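Notebook open, model loaded. I'm jotting down what I look up as I go.

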Amino acid sequence: MDQLVKGDEGYVKTPGGMRRWRAVAAIGAAALLAAACGSSGNSGSGSGSGSAKGPIKIGVSLSLTGDFSADGKAFQQGYQLWAKQINANGGLLGRQVSLDIVNDASSPVQVATNYQKLISVDHVDLVFGPFSTGLTKASSQVVNRYGYAFVEGAGGGPSVFTSGLHNVFDVSLPVANNLVSFAKWIAAMPASQRPKTAAYATQDDPFTAPQLDAARKILEPAGVQTVYNKTYPSETTDYSPIAAGIISAKADIVLVGTLLPDVSAFVKQFIQQNYNPKALIATAGPDQGAQFIQNVGANHTEGIMVPNGWYPTADNPGNADMVKAYIAQYGGTAADVSSDVPEAYSVGEVTAQAVTADGNLDQAKLIKELHSGTFDSVQGKVKFDSTGQNVDAFSFVFQWQGKDLVPFRPDANAVLTPVPPETRKIEYPKQNW
Amino acid sequence: MGTELSKAVVDGVLTGGVYALMAAGLTLIFGVMEIINIAQGIFVVLAAYLSYVLQVHLGIDPFIGLLITMPLMFGVGVLIEWGFVRRLKEQNKSALSILVTFAVAIVIEGILTQLFSADLRIIKAWYVDKSLHVLGFYLPYIYLLGFVLAVVLLAALYLFLYRSRSGKSIRASVQNRTGAELIGININRVSAITFGIGAAVTAAGGMIFGATNSFNPNSGYDLISRLLVIVVLGGLGSIGGALVAAVAALVIEDVTAVLWSPIWASTMFFAVLVVVLLVRPNGLFGQTAVRAQ
């Protein structure tokens, strides 16, 4: 094909060329703008400083747009469900709670700005954490500077807890341990059944990468050879070369450090290329219930696994009520509840118990109580170590079987066994697509 | 390694066709109007949603649905040109267009979020998960169809620009806006048609994107930087350049990912872009001259 801008008449040589250069420079600026901005804007739901008689204001920055928007929205649902529940039961310290939720557009810069504004300008009484390890890390220094307790549910990556901060508390499972139950199960298999090779691919993300590292350190000594191990940028939109690498490596099992978009892309490519690993586990994505089914297709979920610390029918205090309230408010079924929802909900629960134990909103006392107390949540018991990690959290392995995400936990021999009342056995090898 | 490399090249070529479809509108609009359409990414996403709605709610096959989505996107393009772009003053049009189209992108994103939430969606059809097995390669039908569609649509666009009366008007406007006005060409009409065609072509790119990737209203942001880079490499305003650059970009990235690491794939592409711009500052197929005003 030829060039559109073509012709002899009406053209002049440079200096007119400067216009093109200017245009190229403008496009460069535009590319930077597009990359940097994502989008911004607040979606606040409250204003003014809190008073002793008014509602307790809780400031939250969430990713309502940008890369984490799906998880951010689910977190918003979790926080709102908790607020509705506690207000219906008389509030906190006898006062209603009011959420001041602002949008960080999944930006590490914006999230820090948001918490600074929430604390120093809006004078919120408490703050709850954002979504993702990266954004928690980006904002935790700011929150710490003002002496606030920073209770969060999705900042479980190791890098959050190596900053030497004393005010960060993650109510969920420390993410580095997420794949340990799966890896130990594989390693404990009889040699005749144990897979010989494994492929690892992960986003360059502090949530996903440490999980795969931990699993690989268990599997390699057990004789499971690593035949593919690559990291890709989190802004990747074309996953085909990574999927092609995994497929070419012909690995027996595949471990991917993903969120929903990339695990969906991998599954699609594996189907298209007729590649059937014996086991496929993703750090996140298959736990997104209806969204995961919609993205990969109901007939393609069978046998796919995901680690998690929670499931809808878990026998934890308040869990059944939370699931019921979710369905009443947002519709769907228990299987549709994203695991982000209980993570956010637990933040509210744990904070409320600590504040109630203190009897006031003093941040120093709150931090002290969080470090010393033991709390109940819809995700189970919560007990923080000196770095703020929940030492009582436990990793289950979930596998899609039919329309259900079936929970398994390791027995004394590291064998994954169904969690009662579930009786279905784990499927290994996974059936073909 | 040889097979893996061959596969990376084939994947790059097929995926490059899809990216060319997404970038063609961007380069066409710039070529005619010198407008940098930052909303191109959200146009892709909007087109994906249109195809999704037709497929889910009316059961219309995504390719057949293009008969509806392309005219719809044409209308959206004309409306945006009339409502926002036409109002910009000539002196700083290129620079101001960045802000205006960025604002348009934010508005469209907001509307899509209200309508569809941030949930990730994907377009389904029986051929999306199927492949053609040939010479040891599994070639996904959706990418094959996408590549054929890209070649057909871009060829049609070329023929339109060089063989039709309207196309000649568009080219005349590119070459000499004042002269074109003097001989009776309605520049505003040409601009509106160009913006509309750019958006209509994007409808096809958006449909393929939505069938191969999960998307939500925010997905456009990861696309726009790459699309801008493709049109710069191909040469601003060059339809053929967009196709060549898109294929080159994806092949370079895929081969780098296989030979080295996915983390360096984009870096390698940008390195090639810098080298090309040093040798050919206007891109592979760009002109060294500009039109007289």
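For the element names I use DSSP runs, numbered from the N terminus: helices are H or I runs of at least four residues, strands are E runs of at least two. This is a predicted model, so I keep in mind that local features need pLDDT of at least 70, that side-chain atom pairs count only at pLDDT 80 or more, and that totals for chains, interfaces and linings use all residues. Residues count from 1 along each chain as its sequence is written, chains are lettered from A and ligands numbered from 1 in the order in which they are written.

**Entry 1: cis prolines, chain A**

I looked at Pro421(A), which sits in the segment after strand 16 (416-418) of chain A. The peptide bond leading from Pro420(A) into Pro421(A) is cis, omega near 5°. Pro429(A) also lies in the segment after strand 16 of chain A, and its bond from Tyr428(A) is cis, with omega about 0°. Worth a note, because most peptide bonds are trans, and most residues other than glycine have a negative phi.

**Entry 2: positive phi, chain A**

Ala105(A) has a positive phi, near 55°. I found Ala105(A) in the loop between strand 3 (97-103) and helix 3 (108-120) of chain A. Buried or exposed, I wondered about Ala105(A)? Ala105(A) is buried, with 25 other C-beta atoms within 10 Å. (Buried takes 20 or more other C-beta atoms within 10 Å of the residue's own, exposed 12 or fewer, partly exposed in between; C-beta atoms are placed from the backbone.)

Ser132(A) has a positive phi too, near 95°, in the loop between strand 4 (126-128) and helix 4 (133-145) of chain A. Ser132(A) counts as buried, with 28 C-beta neighbours inside 10 Å.

**Entry 3: strand 14, chain A**

Strand 14 (residues 396-401) of chain A is mostly covered, with five of its six residues buried. Strands pair here if DSSP finds at least two bridges between them. Strand 11 (residues 305-308) of chain A runs antiparallel to strand 14 of chain A, joined by four bridges; Pro307(A) stands opposite Val397(A). Strand 15 (residues 404-410) of chain A pairs with strand 14 of chain A, antiparallel, over five bridges, and Trp400(A) has Leu405(A) as its bridge partner. Strands 14 and 15 of chain A make a hairpin with two residues between them, and Gly402(A) in the turn has a positive phi of about 65°.

**Entry 4: helix packing, chain B**

I checked helix 1 (residues 2-33) against helix 8 (residues 187-212) of chain B: the axes come within 7 Å and cross at roughly 170°. (Axes are lines fitted to C-alpha atoms, for helices over the stretch in contact; angles run from 0 to 180 degrees between N-to-C directions.) Helix 1 and helix 8 of chain B are therefore roughly antiparallel. (Under 35 degrees is roughly parallel, over 145 roughly antiparallel, 65 to 115 roughly perpendicular, the rest oblique.) Residues of this contact split into 16 nonpolar, six polar and no charged. (Nonpolar covers Ala, Val, Leu, Ile, Met, Phe, Trp, Tyr, Cys and Pro; charged is Asp, Glu, Lys and Arg; the others, Gly among them, are polar. Contact is C-beta atoms, placed from the backbone, within 7 Å.)

Helix 2 (residues 40-58) and helix 9 (residues 220-234) of chain B pack at about 130°, axes 7 Å apart. That makes helix 2 of chain B oblique to helix 9 of chain B.
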